[in-house]
Amino acid sequence: MVKVYTIASGKGGTGKTTVTANLGPMLAQYGKKTCILDADVGMANLGLILGLENLPVTLHEVLAGKARVRDAVYDGPFGVKVVPCGLSLQGFQQSNPDRLKDIMADLVSEFDILILDAPAGISRDGVIPLTIADGVILVVNPEISSIVDSLKTKILTETVGGHIEGAIINRVAGSGDEFNRAQMEKLLGVRVLGVIPEDPNIRRASAGRSPIVVKYPTSRASRAFKRISADVAGIEYVEEETQAPREGFVDRLARALFRAKA
């Protein structure tokens with residue numbers, strides 16, 4: 001049976017699109033037929049992160065009744081399927097978010113997992129992804145404004161009959177060892193699914209139009225995304241061993257010379 005997850009946040013800039021762009025490919029890598037859909041109709045960025053731009057058909061055309069959703073499904077990393085939104089203001093103006101439920105009905109038979117990247121904040125367009133999901137995953141930064149706004153999103157989700165699956169704490173400074181998971185779970189009132197450390201490779205990967213799990217698979221953030229994806233997929237995560245870089249001739253020569261001088 002298909003599982004539908006909505007990735008949501010109370011405020012913009014928490015990194016929910018980055019989370020979507022990395023969880024989707026990893027779930028596909030773990031053998032789940034996965035589709036990620038950009039439900040942020042007004043401020044679409046998922047396609048940009050994945051290098052899917054200037055496409056003939058996007059979710060905008062589907063929401064406007066001009067195309068079928070199957071015409072807006074594209075191949076992403078590791079076999080994940082992607083339904084991106086367009087970037088034009090005109091496409092946004094012609095879109096009807098109420099059609100999203102019908103679009104989901106057309107997709108559910110083809111996938112194991114559907115992930116919706118929802119708009120930030122509390123708005124009419126943002127409520128629909130909260131109501132049609134089996135579980136809402138909150139993306140929260142470890143700062144008071146993000147926590148408070150996430151609590152508002154949690155209350156709204158429960159008010160409209162939705163279910164909070166848990167929270168992902170993103171952009172945690174340092175190694176993350178000092179992060180108090182239990183305290184955050186108490187503040188939010190939900191389970192913390194995982195902690196993503198602050199990692200400069202995320203920006204580098206986005207600039208290269210690629211998820212970090214593809215561009216820098218052994219980075220700290222990538223390993224965190226893999227652990228969370230394994231949890232969502234219901235499989236055991238096995239920590240990968242990072243191989244040390246092979247020492248070149250110049251390095252060996254320099255090491256031998258310094259040893260000789262010592």
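Predicted model: local features only at pLDDT ≥ 70, side-chain atom pairs only at ≥ 80, totals over all residues.
We have 262 residues, and 48% of them count as buried. The protein has 12 helices and eight strands. If you take the contacts with a separation of 6 or more, 73% of them are between residues 24 or more positions apart. The accessible surface comes to about 13000 Å², with 52% of that belonging to carbon and sulfur atoms.

Let's go to the pocket. Rolling a probe the size of a water molecule over the atoms shows where empty space is left. Here, the largest pocket has about 520 Å³ of space. Its lining is made of 22 residues, and the ones nearest the centre are G13, T14, G15, K16 and T18. Which elements each supply at least two residues of that lining? They are α1, residues 16–29, β7, residues 164–172, and α9, residues 200–207. The largest share comes from α9, with four residues.

While we're on α9, have a look at N201, which sits in that helix. Buried or exposed, what would you say for N201? Its relative accessible area is 16%, and the cut-off for buried is under 20%, so N201 counts as buried. Its side chain makes a polar contact of 2.8 Å with the side chain of R204. Setting aside neighbours within four places in sequence, N201 also touches I212, Y216 and S219.

Now the strands, and I'll start with β5, residues 113–117. Five of its five residues are buried, so β5 is largely enclosed by the rest of the structure. I113, I115 and D117 point one way, L114 and L116 point the other way, and all are buried.

What does β5 pair with? Strand β1, residues 3–8, runs parallel to β5 and pairs with it over five bridges. In that pairing you'll find V4 opposite L114. Then there's β2, residues 34–38, again parallel to β5 and again over five bridges. To trace that pairing by eye, look for T34 opposite I113 and D38 opposite D117.

β2 itself is mostly covered, with five of its five residues buried. T34, I36 and D38 point one way from β2, while C35 and L37 point the other way. β2 is also joined to strand β4, residues 81–83, by three bridges, and those two run parallel. The bridge partner of L37 in β4 is V83.

Last stop is S146, over in helix α7, residues 144–159. Why does S146 count as buried? Because its relative accessibility is 1%, and buried means under 20%. A polar atom of the S146 side chain lies 2.9 Å from the backbone nitrogen of N141. Not counting residues up to four places away in sequence, S146 touches K11, T14, V140 and N141.

How values were computed. Residues numbered from 1 in each chain as written. Heavy atoms only, no water. Buried < 20%, exposed > 50% of the residue type's maximum accessible area, 1.4 Å probe, protein only. Polar contact = N/O pair within 3.5 Å; in protein donor to acceptor, adjacent residues only side chain to side chain. Contact = heavy atoms within 4.5 Å. Pairing = 2+ DSSP bridges. Areas by Shrake-Rupley, 256 points an atom, 1.4 Å probe, with all protein chains shown as cover. 1 Å grid on protein atoms, 1.4 Å probe; cavity = no way out; pocket = protein on both sides within 12 Å on 5 of 7 lines; lining within 4 Å. Points joined across faces, edges and corners; volume = space filled by probe spheres on them.
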